[in-house]
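Welcome! Please take a moment with the sequence and the 3D view before reading on.

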Amino acid sequence: MGAQAHRATRSATAADVARRWVVLDAEDQVLGRLATRAATLLRGKHKPSFTPHVDTGDFVIVVNCEKVRLTGRKREQKTYHRHTGYIGHVRSTTADRLLAGPHADRVVREAIRGMLPKNSLGRQMLRKLKVYAGPSHPHEAQKPEVEKLG
């Protein structure tokens with residue numbers, strides 16, 4: 001091989017991963033930009049040790065989801081669908097009604113979920129996402145770092 005030694009690409013394993021806890025405040029943040037940042041942190045793409053087939057990401061706590069910003073007329077026009085489990089029972093609601101109701105966190109959760117891989121690895125990453133409608137969260141014991149957006 002000559003004078004230079006062969007260097008193999010380093011692939012991270014689950015044991016190598018050092019996970020942080022990060023808090024993102026959704027208040028007055030555009031939904032897509034917030035979701036992109038959260039998905040990047042969950043996936044671990046911000047780390048030099050990123051490996052596509054290993055969950056190298058951090059835990060992400062998103063607070064103030066009810067105060068997230070949607071651009072254009074998405075608040076009135078964007079629809080969310082869910083299935084009750086009965087034949088033909090698809091329930092639809094708008095982003096505005098979802099944000100005003102008791103499940104305001106679903107808007108942010110769905111936006112982030114759409115940016116993660118659609119496989120078992122993506123579901124594993126989604127378990128590290130904690131979303132809360134209000135400003136408080138029960139994860140103070142983990143000493144999460146507050147990250148500024150934009």
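The report below goes from the whole chain to a few single residues.

**Ground rules**

This is a predicted model, in which local features need pLDDT of at least 70 and side-chain atom pairs count only at pLDDT 80 or more, while totals for chains, interfaces and linings use all residues. Residues are numbered from 1 along each chain as its sequence is written, and side-chain values use heavy atoms, with hydrogens and water left out.

**The whole chain**

Let us start with the overall plan. The protein chain holds 5 helices and 6 strands. Both kinds of element are DSSP runs numbered from the N terminus, with at least four residues of H or I for a helix and at least two of E for a strand. Read from the N terminus, their order is β-α-β-α-β-β-α-α-α-β-β. Along the principal axes, the C-alpha atoms fill a box of roughly 65 × 40 × 30 Å.

Of the 150 residues in the protein chain, 37% count as buried. Here buried means under 20% relative accessible area, exposed means over 50%, and partly exposed lies in between, using a 1.4 Å probe and protein chains only. The accessible surface of the protein chain is about 9600 Å², and 51% of that belongs to carbon and sulfur atoms. These areas come from the Shrake-Rupley method with a 1.4 Å probe.

A contact means heavy atoms within 4.5 Å. Among contacts between residues at least 6 apart in sequence, 67% join residues at least 24 apart.

**An aromatic pair**

Rings of Phe, Tyr and Trp (its six-membered ring) pair if their centres lie within 6.5 Å; planes under 30 degrees apart are stacked, over 60 edge-to-face, and the rest tilted. By this rule there is 1 aromatic pair. The ring centres of Trp-21 and Phe-59 are 4.3 Å apart and their planes meet at 5 degrees, so this pair is stacked. Because Trp-21 sits in strand S1 (residues 21-25) and Phe-59 in strand S2 (residues 59-63), the pair ties together parts that are 38 residues apart in sequence. Trp-21 and Phe-59 are both buried.

**Helix H1**

Several H1 residues are buried, including Leu-31, Leu-34, Ala-35 and Arg-43. Gly-32 also belongs to H1, but with 32% relative accessibility Gly-32 counts as partly exposed. Just after H1, Gly-44 takes a positive phi of about 90 degrees.

**Two loop residues in touch**

Asn-64 is found in the loop between S2 and helix H2 (74-77), and a relative accessible area of 4% makes Asn-64 buried. Leaving out residues up to four places away in sequence, Asn-64 touches Asp-25, Ala-26, Glu-27, Tyr-132, Ala-133, Gly-134 and Pro-135.

Ala-133 lies in the loop between strand S5 (129-131) and strand S6 (145-147). At 22% relative accessibility, Ala-133 counts as partly exposed.

The table lists some C-alpha separations.

| Residues | Apart along the chain | C-alpha separation |
|---|---|---|
| Ala-133 and Cys-65 | 68 residues | 4.5 Å |
| Gly-32 and Val-62 | 30 residues | 13 Å |
| Asn-64 and Arg-43 | 21 residues | 22 Å |
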